[in-house]
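Student: Could you take me through one part of this structure up close? I'd like a connected account that I can follow with the model open beside me.

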Amino acid sequence: MLTKTRYLFILATTFMFAGCASVTESGYYWGNYSETYYEYIKAPSEQTVTNHLNELNRIVDTSKNKGLKVPPGIYAEIGYITAKRGDSDSSIAYYRQEAELYPESKGFIERLISDQK
C-alpha cells in the first residue's frame, strides 16, 4: 500500500525535475510550482499549503488559457490536498481528471481513490 508520505515524495521527485522547465522546453506551464512546493515542505502550515494549492489552481487555469495540457500530477496533487482537507468527493473528481488526462496513471489513481473509500 502506498503511504501518503511516499506519494508526496514521488510527486516531489517528478516535479523537481520537470518544474523548472519553461513552457517552450517542456510543453507545460509550471508557474511557480517549485517555489510554493518548497515553502510548503520547508515550513508546513495552513498558509503554505493554501499558497501551494492556489498555485496549482493557477497552473490549471493558465494552462487552459494558453491551450496547453495541464502538467502531469497537478490534478492528482490538488486531489491529495483536497482529500487531506476532508473533501473526498472533490478529491476523487480531481483524481479522475488526472487519470483521464494521463491514462497511464489510472492504476495509481485507482489506488488513491480506493484508499479514500
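**A close look at the aromatic cluster**

Tutor: Let's start with Trp30, which is buried, its relative accessible area being 3%. Keep in mind as we go that this is a predicted model. Trp30 takes part in two ring pairs that we can look at one by one. With Tyr33, the ring centres lie 6.1 Å apart and the planes stand at 70°; because an angle over 60 degrees counts as edge-to-face, that is the label for this pair. With Tyr28, the arrangement is again edge-to-face, with 6.2 Å from centre to centre and 70° between the planes. Across the whole structure, a search turns up 5 aromatic pairs.

Now turn to the partner, Tyr33. Its relative accessibility is 1%, so Tyr33 counts as buried, the cut-off being under 20%. If you step back from the individual pairs, ring pairs join Tyr28, Trp30, Tyr33, Tyr37 and Tyr40 into a cluster.

Tyr37 deserves a stop of its own. You will find Tyr37 in helix H3, which covers residues 33-42. Along the chain, Tyr37 and Asn51 are 14 residues apart, and their C-alpha atoms are separated by 8.8 Å.

Ser105 sits in the loop that runs between helix H6 (88-101) and helix H7 (106-116). At a relative accessible area of 14%, Ser105 is buried, because it falls under the 20% cut-off. Its side chain reaches the backbone oxygen of Tyr102 at 2.7 Å. Leaving aside residues up to four places away in sequence, Ser105 touches Glu98 and Ala99.

On the H6 side, the contact is made by Ser88, Ser91, Ile92, Tyr95, Arg96, Glu98 and Ala99, while H7 brings Lys106, Ile109, Leu112, Ile113 and Gln116. By type, the residues of this H6 and H7 contact divide into 6 nonpolar, 3 polar and 3 charged.

Methods
Residues are numbered from 1 along each chain as its sequence is written. This is a predicted model: local features need pLDDT of at least 70, side-chain atom pairs count only at pLDDT 80 or more; totals for chains, interfaces and linings use all residues. Side-chain values use heavy atoms; hydrogens and water are left out. Helices (H or I, at least four residues) and strands (E, at least two) are DSSP runs, numbered from the N terminus. Buried means under 20% relative accessible area, exposed over 50%, partly exposed in between (1.4 Å probe, protein chains only). A polar contact is a pair of N or O atoms within 3.5 Å; within protein, one must be able to donate a hydrogen and the other to accept it, and residues adjacent in sequence count only if both atoms are side-chain atoms. Contact means heavy atoms within 4.5 Å. Ala, Val, Leu, Ile, Met, Phe, Trp, Tyr, Cys and Pro count as nonpolar, Asp, Glu, Lys and Arg as charged, and the others, Gly among them, as polar. Rings of Phe, Tyr and Trp (its six-membered ring) pair if their centres lie within 6.5 Å; planes under 30 degrees apart count as stacked, over 60 as edge-to-face and the rest as tilted.
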